[in-house]
Amino acid sequence: MALNRGNTFVQDEEQQRLLLEEHTEKHFTAGVVVRDIIIGVSDGLTVPFALAAGLSGANASSALVLTAGLAEVAAGAISMGLGGYLAAKSEADHYNRELQREQEEIDTVPDAEAAEIADILSQYGLGPAEYGPVVTTLRNNPKAWLEFMMKFELGLEKPEPRRALVSAATIALSYVVGGLVPLLPYMFVPRAERAMAVSVAVTLAALLFFGFVKGRFTGDRPFLSAVQTTVVGALASAAAYAMARAVQA
């Protein structure tokens with residue numbers, strides 16, 4: 001609301017501040033962390049599960065299946081964590097390169113960059129009389145100008161400084177948690193065939209639960225997500241088991 005005489009503008013700002021404090025929007029803002037957890041847990045549940053099923057199909061002992069499975073979980077956690085670190089690091093490096101490039105353009109061709117602000121705002125239905133003051137204000141505030149161009153021209157959000165390390169740790173730990181689920185029965189059941197039957201039941205239940213929770217967090221239909229996640233894990237383990245049987249035959 002554009003009020004500009006006496007104390008009216010101040011009062012209006014105070015009213016807006018109070019309204020914003022009273023109005024709390026319930027948006028989910030931890031999407032990146034949830035994505036890392038989903039990547040880690042889904043692979044952790046599926047890959048060791050398929051490996052254990054394949055070794056069981058080759059008549060390996062529970063001790064051998066457990067040893068190989070734990071080795072795979074350790075190697076997989078390191079590999080997945082390193083992949084998450086490199087991905088987040090590359091994203092941060094890309095942002096910093098574009099930030100430097102955009103700053104150079106603002107310094108060398110400010111008029112052209114100001115014209116880009118006008119073009120961006122015009123795409124939202126603002127006319128020259130409306131976006132003109134915005135352009136002027138941004139030109140007088142170099143930091144806000146740079147942030148505006150990064151967000152609205154390039155579509156880039158500034159990454160968190162510790163994002164790479166957090167991503168690596170989240171994916172690795174999630175992989176370990178997911179990978180231990182299908183291996184637990186082999187710790188207590190000596191015969192691999194019986195352990196595999198228990199592992200199948202436990203892992204499928206875990207996949208159903210994980211798929212349901214994933215659907216709730218990502219906005220998908222929870223039951224459909226649960227079924228899809230379970231089917232993928234079941235197919236992977238069935239394929240590994242069938243291949244082991246075929247090689248043995």
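**Cores, a glutamate and a ring pair**

The largest nonpolar core has 15 residues, and those with the most contacts inside it are I117, V135, W145, F148 and M149. By nonpolar core I mean a set of buried Ala, Val, Leu, Ile, Met, Phe, Trp, Tyr and Cys residues joined through side-chain atoms within 4.5 Å. Buried is under 20% relative accessible area, exposed is over 50%, and partly exposed is in between, with a 1.4 Å probe and protein chains only.

A word on the source. This is a predicted model: local features need pLDDT of at least 70, side-chain atom pairs count only at pLDDT 80 or more, and totals for chains, interfaces and linings use all residues. Residues are numbered from 1 along each chain as its sequence is written, and side-chain values use heavy atoms, with hydrogens and water left out.

Back to that core of 15 residues. Helix 3, helix 4 (110–122), helix 5 (128–139) and helix 6 (142–153) each supply at least two of its residues. Helices here are DSSP runs (H or I, at least four residues), strands are E runs of at least two, and both are numbered from the N terminus.

Take M149. Which residues does M149 contact, leaving aside neighbours within four places in sequence? They are E102, I106, E113, E116, I117 and L154. Contact means heavy atoms within 4.5 Å.

There is also a second, separate core of 11 residues, which includes A60, V65, L183 and M196.

Next, E98. It lies in helix 3 (residues 62–108). Is E98 buried or exposed? E98 counts as buried, because its relative accessibility is 15%. Its side chain joins that of R101 through a polar contact of 3.0 Å. That term means a pair of N or O atoms within 3.5 Å; within protein, one must be able to donate a hydrogen and the other to accept it, and residues adjacent in sequence count only if both atoms are side-chain atoms. Not counting residues up to four places away, E98 touches M150, L154 and L156.

Last, aromatics. The structure holds 2 aromatic pairs. One of them is F212 with F223, edge-to-face, at 5.3 Å centre to centre and 70° between the planes. Rings of Phe, Tyr and Trp (its six-membered ring) pair if their centres lie within 6.5 Å; planes under 30 degrees apart are stacked, over 60 edge-to-face, the rest tilted. F212 sits in helix 8 (residues 192–218) and F223 in helix 9 (residues 222–248), 11 residues apart. F212 is partly exposed because its relative accessibility is 28%; F223, at 65%, is exposed.
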